Amino acid sequence: MYSSITPICFASPLLEKPVGKESMPQTPPFSAMFDSSGYNRNLYQSAEDSCGGLYYHDNNLLSGSLEALIQHLVPNVDYYPDRTYIFTFLLSSRLFMHPYELMAKVCHLCVEHQRLSDPNSDKNQIRKIAPKILQLLTEWTETFPYDFRDERMMRNLKDLAHRIASGEESCYSERKKTRNLEAYVEWFNRLSYLVATEICMPVKKKHRARMIEYFIDVARECFNIGNFNSLMAIISGMNMSPVSRLKKTWAKVKTAKFDVLEHQMDPSSNFYNYRTALRGAAQRSLTAHSSREKIVIPFFSLLIKDIYFLNEGCANRLPNGHVNFEKFWELAKQVSEFMTWKQVECPFERDRKILQHLLTVPVFSEDALYLASYESEGPENHIEKDRWKSLRSSLLGRV
């Protein structure tokens, strides 16, 4: 059974942008948003916003008052914000206000500044601005669909959509569900314990050795295709104490390939080797012609840690009270890169039986793993003997 297992991608593609009318503003894909320095330096420049509460340096927006940044988000007849800015601001604005509060401000600006509530307003102007506002709302609903679980968000959305294009809001009714990052972390933990369980379960030493070699091959394949999350999970499972203590079993294993993998995922120097490999996989993905070469699944616990420390380590506001937008460019770069990777369709055929096994087969708890390990290769010292007796008593009901 195990020989047919293929490393799983668990990609969750985002909803593709629908093809709109010719008059709809066209924006670049996520992969085109940011250059290697953090953001695209050439995508948006607006002379009229070079002041008025926004601070630029070399045509790069660095900071601004919250109200000015919101104003910069709202399109008008002659202006539509670049997708880089839309994504970055929508991602970061929740540090200052709830999404429904931002939506209320956007709706107010759209209605009042564009005179959408005025029956005597220029209909030609409304026809020009309506596609841009709808485009902005579309990008928001597609990129951050969870925001619209809030009834207050939906009320504002429906009200604005009704004002500018009656009957057009049907395009917002169906949104593809996105997978929460927690699902990847939970999968990581389950896979680690599954690997340890499958290794500790066999009674015979040669069977345990074969299982270790099998998972080394799976881990190597994960590395080759760019599935670093599952790679690290497998390595973590094989490094769990109940597994690593099986010295007689490991003596029968050719560990050269495993040593190479451990080196690649070595946590020293802030995971330098892994980060180098991740950059290589990301670069390969940009120029790839096949879905298999486009796969990049990062080590999610480290990704979350990086974003957390970036957020906590840099101030949201500058001493002059401006929003620190330079920080938000970097946050947006990391999140948008992940969202680009999510759009890759998994090229491997799904085997329902294997998926069912991976996701539902019982896995041992840490105590059960230790007990199985001691039963396979006896305790080596008094501490292990005492623990073995305790586990036999509590789990098996015998001394």
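Visitor: Which residues touch the most other members of the largest nonpolar core?

Guide: This is a predicted model, in which local features need pLDDT of at least 70 and side-chain atom pairs count only at pLDDT 80 or more, while totals for chains, interfaces and linings use all residues. Residues are numbered from 1 along each chain as its sequence is written, and side-chain values use heavy atoms, with hydrogens and water left out. A nonpolar core is a set of buried Ala, Val, Leu, Ile, Met, Phe, Trp, Tyr and Cys residues joined through side-chain atoms within 4.5 Å, where buried means under 20% relative accessible area, exposed over 50% and partly exposed in between, with a 1.4 Å probe and protein chains only. Among the 52 residues of the largest such core, those that touch the most other members are Phe-89, Trp-140 and Phe-325.

Visitor: Which element gives the most residues to this core?

Guide: Helices (H or I, at least four residues) and strands (E, at least two) are DSSP runs, numbered from the N terminus. The elements that give two or more residues to this core include β1, α2 (83-92), α4 (123-143) and α14 (300-313). The element that gives the most, with 8 residues, is α15.

Visitor: What does Phe-89 touch, not counting residues up to four places away in sequence?

Guide: Contact here means heavy atoms within 4.5 Å. With residues up to four places away in sequence left out, the residues that Phe-89 touches are Leu-66, Leu-69, Ile-70, Leu-73, Leu-102 and Phe-325.

Visitor: Is Val-74 buried or exposed?

Guide: Val-74 has its place in the loop between α1 and α2, and, beyond residues up to four places away in sequence, Val-74 touches Tyr-79, Val-106, Leu-109 and Cys-110. Val-74 and Cys-110 are 36 residues apart in sequence and 7.0 Å apart in space, C-alpha to C-alpha. Because its relative accessibility is 3%, Val-74 counts as buried.

Visitor: How do the axes of α14 and α15 run, roughly parallel or roughly antiparallel?

Guide: Axes are lines fitted to C-alpha atoms, for helices over the stretch in contact, with angles from 0 to 180 degrees between N-to-C directions; angles under 35 degrees count as roughly parallel, over 145 as roughly antiparallel, 65 to 115 as roughly perpendicular and the rest as oblique. The axes of α14 and α15 come within 10 Å and cross at roughly 165°. The contact includes Phe-300, Leu-303 and Ile-307 of α14 and Leu-331, Val-335 and Phe-338 of α15. The two helices are therefore roughly antiparallel.

Visitor: Which residues form the covered face of strand β1?

Guide: In a regular strand the side chains alternate between the two faces of the sheet. In β1 (residues 54-57), the uncovered face has Tyr-55 and His-57, whereas the covered face has Leu-54 and Tyr-56.

Visitor: What is the phi of Asp-58?

Guide: Asp-58 is found in the loop between β1 and β2, in a hairpin with 2 residues between the strands. Asp-58 counts as exposed because its relative accessibility is 61%. Its phi is positive, in a residue other than glycine, with a value near 55°.

Note on methods:
Pairing = 2+ DSSP bridges.
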